Amino acid sequence: MSKSLETRAQILEVALRSFRDRGYAKTTMRQIANEADVALGNAYYYFPSKGHLIQELYATVVAEQADRATQALAQHRRLADRIAAAWHAAIDASEPYHSFGAEFISEAIRPSSPSSPFSDESHGARGASQDVYQEVVAGAHPAVPGRLRADLPLLLWFAQLGIEIFWVYDSSADRRRTRALVAGAAPLVASLVSLARLPVARGIVDEALALLHRVRS
């Protein structure tokens with residue numbers, strides 16, 4: 001690893017430790033620079049703000065989620081099981097950072113924050129996370145109905161964001177309530193997808209997808 005990458009990794013490691021120990025709000029870039037033994041200007045060179053540090057954490061969590069999901073999906077074909085596996089992978093990857101999850105959300109929810117999952121800076125991580133759900137849908141058996149196949153990955157990713165907000169405020173042992181939410185919601189979503197095959201549901205499905213496309217445009 002080059003000296004530059006080592007310095008960057010050291011700053012990130014110190015920052016995440018400080019977020020856990022002090023909290024996000026009480027951590028300053030000056031403290032991070034001092035503890036990482038780098039000049040303050042160097043710290044800002046690698047990470048222009050604390051928001052950029054959180055954005056890097058987001059990318060790290062997504063990479064871990066993708067690795068976990070790939071391993072889990074190899075064991076499942078049913079859509080419900082594959083959805084649950086991907087959602088559980090997201091929770092497992094995030095769990096080490098639960099202690100400052102609420103502060104992470106408060107930073108990421110700001111539209112101008114680089115750590116927002118919708119920001120330009122998060123484009124790569126966002127795409128990697130959505131790719132997990134492309135894999136979920138592509139490998140499902142029975143196959144997902146054609147009219148849903150293109151849009152379902154995005155809808156599942158949106159659902160993941162909601163689950164992660166629930167997880168942040170879940171103080172139950174081993175996040176029992178979040179695990180129960182995933183266990184119940186995944187088969188429910190899969191059942192709704194199955195209903196989309198019925199002719200009677202065609203109009204409702206088409207209207208829902210049209211609404212999604214209007215919102216995204």
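Tutor: A residue is called buried when its relative accessible area is under 20%, exposed when that area is over 50%, and partly exposed in between, using a 1.4 Å probe and protein chains only. This is a predicted model, in which local features need pLDDT of at least 70 and side-chain atom pairs count only at pLDDT 80 or more, while totals for chains, interfaces and linings use all residues. Residues are numbered from 1 along each chain as its sequence is written, and side-chain values use heavy atoms, with hydrogens and water left out.

Student: What share of the protein chain counts as buried?

Tutor: Of its 217 residues, 45% count as buried.

Student: Why is Tyr-24 called buried?

Tutor: Tyr-24 has a relative accessibility of 9%, and because the cut-off is under 20%, Tyr-24 counts as buried. Tyr-24 lies in the loop between helix 1 (3-22) and helix 2 (29-36), where a helix is a DSSP run of H or I with at least four residues, a strand is a run of E with at least two, and both are numbered from the N terminus.

Student: Which residues does Tyr-24 touch, not counting those up to four places away in sequence?

Tutor: Contact means heavy atoms within 4.5 Å, and Tyr-24 touches Phe-19, Lys-50, Gly-51, Ile-54, Glu-103 and Glu-107.

Student: What makes the pairing of Tyr-24 and Glu-107 a polar contact?

Tutor: A polar contact is a pair of N or O atoms within 3.5 Å, where within protein one must be able to donate a hydrogen and the other to accept it, and residues adjacent in sequence count only if both atoms are side-chain atoms. The side chains of Tyr-24 and Glu-107 are joined at 3.2 Å, so the pair meets the distance limit.

Student: What span does helix 4 reach from its first C-alpha to its last?

Tutor: Helix 4 (residues 50-73), with 24 residues, reaches 34 Å, close to the 34 Å expected. At the start of helix 4, a side-chain oxygen of Ser-49 comes to within 3.2 Å of the backbone nitrogen of Gly-51.

Student: How many helices and strands does the protein chain have?

Tutor: The protein chain has eleven helices and zero strands.

Key:
Expected span 1.5 Å × (residues − 1).
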